[in-house]
Amino acid sequence: MLYIVFPLLCRVAYSQPSSSIRKVEAPALGITSASVLLTWDDNFTPGYQSTDSTPRSREYFIYQDAMKIGSTRSRTFIVRDLSPSRSYTFSVRSADDSKKIPGGENSIKVTTRNDGRILNVRDLGAKGDGKSADGKAIQSAINSCPKDGIVLIPAGRYIVDHLELRSDMTLLLEKAAVLSFAGYREGVRYPTTKAVLPGPDGDINYQAPSLITGLNVHHVVITGEGTIDAGGATWWPHYKEIIRPYTIEFILSSDILVQGITIQDPPSWNNHLLYVDDAIYSDVKFFKVSKADEVNGDGLDPDASRNILIVGCIFGNQDDCIAIKSGRYDADGNKRRRSSEYITIRDCVFDGNAAPGAGPLGIGIGSESSGGIKHVVIQNCVFTDVASLVNIKANRQRAFACVDDIRIEHNFYTNHKAVDRWWNRAPVSVDLFYGAAAGSNPSAPEPLVSQTPVFRNIYFNDIMICNPVGRGIYISGLAESPIHAISFNEVYVRSRDGVTIQNVDTLSIKGITVVPLAALKL
């Protein structure tokens with residue numbers, strides 16, 4: 001067992017490599033008939049110093065067919081207003097290299113998709129006046145949508161109850177279009193989606209309600225600059241009485257793109273991806289606008305899902321911003337689900353000030369992880385007044401929990417609001433005593449069995465943490481199952497309570513600076 005508690009003060013110098021943009025990509029799922037999602041890497045690193053209060057960044061210029069069309073300080077950009085079935089060449093240059101001729105290794109050629117038939121919901125009877133019930137008209141448009149067609153929601157407020165998506169369709173919410181869900185009404189129950197999920201212990205019977213459902217759907221796009229207002233404030237007071245619906249749930253589905261929209265005030269989780277393969281969430285805003293008390297308002301929960309890219313999104317929700325799960329196994333009959341794998345979270349903003357009712361907890365990995373969670377990357381994200389950057393969590397009761405190969409790099413965290421709790425012990429928390437009773441003894445081992453949780457291969461690189469109201473880092477394995485192979489490289493921590501590390505069997509520290517509150521002028 002390894003047990004370390006610092007406040008300790010050590011300083012290291014950060015090197016700053018020269019800039020080189022590389023790997024400009026346009027993921028196939030991020031290409032529509034009118035837009036292209038671009039991502040790229042850059043060996044520019046922030047190189048955070050003790051005086052930094054905001055993340056260092058650089059400006060990038062975007063070129064379309066050698067013409068400059070925009071700029072960003074992120075490493076992602078959505079090119080919009082394109083023509084269908086047309087080829088374009090896109091290039092990315094840093095501001096330092098902007099005088100160079102666009103092209104070469106920083107370019108990519110992309111052909112947009114075909115444009116399908118457009119069904120305007122107004123033509124099928126939807127009013128969009130904020131009073132009329134428009135759900136039947138919009139569902140009729142969805143049901144009538146041909147392959148690769150577009151269901152268009154023009155500007156207006158559309159009152160709806162429940163929508164069922166189909167394969168090979170696009171739901172396009174124009175700017176100022178609002179899908180407004182009618183909310184909780186006594187005696188009214190939303191349709192419950194039922195599915196049979198394959199698992200390592202046999203089939204799993206699953207059921208849950210949702211406002212927008214995609215069951216066994218493939219090649220679905222939800223896009224535009226409109227808003228989905230889920231009316232959560234009407235549901236939250238009844239959380240002990242009823243099962244509240246998710247806002248959007250995809251089950252046993254694949255090839256999903258959700259882009260550009262705003263999703264606000266969910267009854268429960270905003271988005272649940274259950275047994276989903278290949279999905280992109282790009283430039284989506286998850287907000288809690290209402291100031292009423294909310295419970296379990298997660299932003300985006302990939303659950304037993306694989307090959308998920310979450311890029312350029314803004315989280316100002318309540319509870320976990322992103323919660324990666326793979327089910328729980330227990331005496332109540334819950335069976336293991338399949339694993340969640342290859343999930344990348346990059347260039348996102350997590351902000352406790354982004355919406356009036358925001359109370360975000362950051363990124364959670366677990367605690368429901370009986371199927372395993374592995375190959376997760378979190379990079380180039382900014383966290384402000386959020387409870388944690390990452391909270392990797394389980395306990396002895398979460399049988400078969402397994403977390404492996406998690407990489408957290410180039411992230412900036414600063415907080416003056418959220419305080420340490422048992423469910424979020426620090427901005428960086430790897431916690432195998434999640435929810436454990438007060439007085440639990442981390443040094444007391446219990447029998448090692450096949451169901452004992454396992455955490456291993458967790459890497460932190462180029463991280464800045466400023467948390468004057470609590471800890472910097474909390475790492476706690478089990479005495480009988482220490483965390484295996486955890487490393488910190490070029491990590492800078494300014495915090496009131498420093499760093500706690502216990503029950504780790506392989507720890508690598510290279511270039512870490514920990515400054516306790518007493519050494520700071522705050």
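**Figure 1. The open three-stranded sheet E2-E3-E6 in the predicted model.** In this predicted model, three strands form an open sheet in the order E2-E3-E6, and their pairing is antiparallel. Strands are DSSP runs of E with at least two residues, helices are runs of H or I with at least four residues, and both are numbered from the N terminus; two strands are taken to pair if DSSP finds at least two bridges between them. Strand E2 (21-25) and strand E6 (76-79) stand at the edges with a single partner strand each, so one side of each has no neighbour in the sheet. Neighbouring strands of this sheet are turned against each other by 20 degrees on average, direction ignored, where the axes are lines fitted to C-alpha atoms and angles run from 0 to 180 degrees between N-to-C directions. Strand E3 (residues 36-42) is joined to E6 by four bridges, and the two run antiparallel; Val36 has Val79 in E6 as its bridge partner.

Residues are numbered from 1 along each chain as its sequence is written, and side-chain values use heavy atoms, with hydrogens and water left out. Because the model is predicted, local features need pLDDT of at least 70 and side-chain atom pairs count only at pLDDT 80 or more, whereas totals for chains, interfaces and linings use all residues.

**Figure 2. The open four-stranded sheet E5-E4-E7-E8.** Four strands in the order E5-E4-E7-E8 make up an open sheet with antiparallel pairing. Its edge strands are strand E5 (67-72) and strand E8 (107-111), each of which pairs on one side only. From one strand to the next, the twist averages 25 degrees. Five bridges connect strand E7 (residues 87-94) with E8, and these strands run antiparallel; Thr89 has Lys109 in E8 as its bridge partner.

**Figure 3. Nonpolar cores and the surroundings of Leu179.** The largest nonpolar core has 94 residues, and those with the most contacts inside it are Leu179, Phe250, Phe315, Ile345, Phe350, Ile458 and Phe460. A nonpolar core is a set of buried Ala, Val, Leu, Ile, Met, Phe, Trp, Tyr and Cys residues joined through side-chain atoms within 4.5 Å; buried means under 20% relative accessible area, exposed over 50%, and partly exposed in between, for a 1.4 Å probe and protein chains only. Strand E38 (residues 454-467) provides the largest share of this core, five residues. A second, separate core of 17 residues includes Ile31, Leu38, Phe77 and Val110. Leaving aside neighbours within four places in sequence, Leu179 is in contact (heavy atoms within 4.5 Å) with residues that include Ile138, Tyr158, Val160 and Leu163. In soluble globular proteins, nonpolar side chains tend to be buried together.

**Figure 4. Leu274 in strand E22.** Leu274 lies in strand E22 (residues 271-282) and is buried, with a relative accessible area of 0%. Not counting residues up to four places away in sequence, Leu274 touches Leu197, Tyr206, Phe250, Ile251, Leu252, Asp303, Ser305 and Arg337. Leu274 and Leu119 are 155 residues apart in sequence, and their C-alpha atoms are 29 Å apart in space.

Figure 5. Ala304, placed in the loop between strand E24 (300-303) and strand E25 (306-311), has a positive phi of about 50 degrees although it is not a glycine, and it counts as buried at 0% relative accessibility. Asp319, in strand E27 (residues 318-319), has a phi near 80 degrees, a positive value in a residue other than glycine; at 14% relative accessibility, Asp319 counts as buried. The peptide bond from Gly366 to Ser367 is cis, with omega near 0 degrees, and Ser367 is placed in the loop between strand E32 (363-366) and strand E33 (373-379).

Figure 6. A search of the whole structure finds zero disulfides, a disulfide being a pair of cysteine sulfur atoms within 2.5 Å. Cys145 counts as buried at 8% relative accessibility, whereas Cys402 is partly exposed, with a relative accessible area of 21%.
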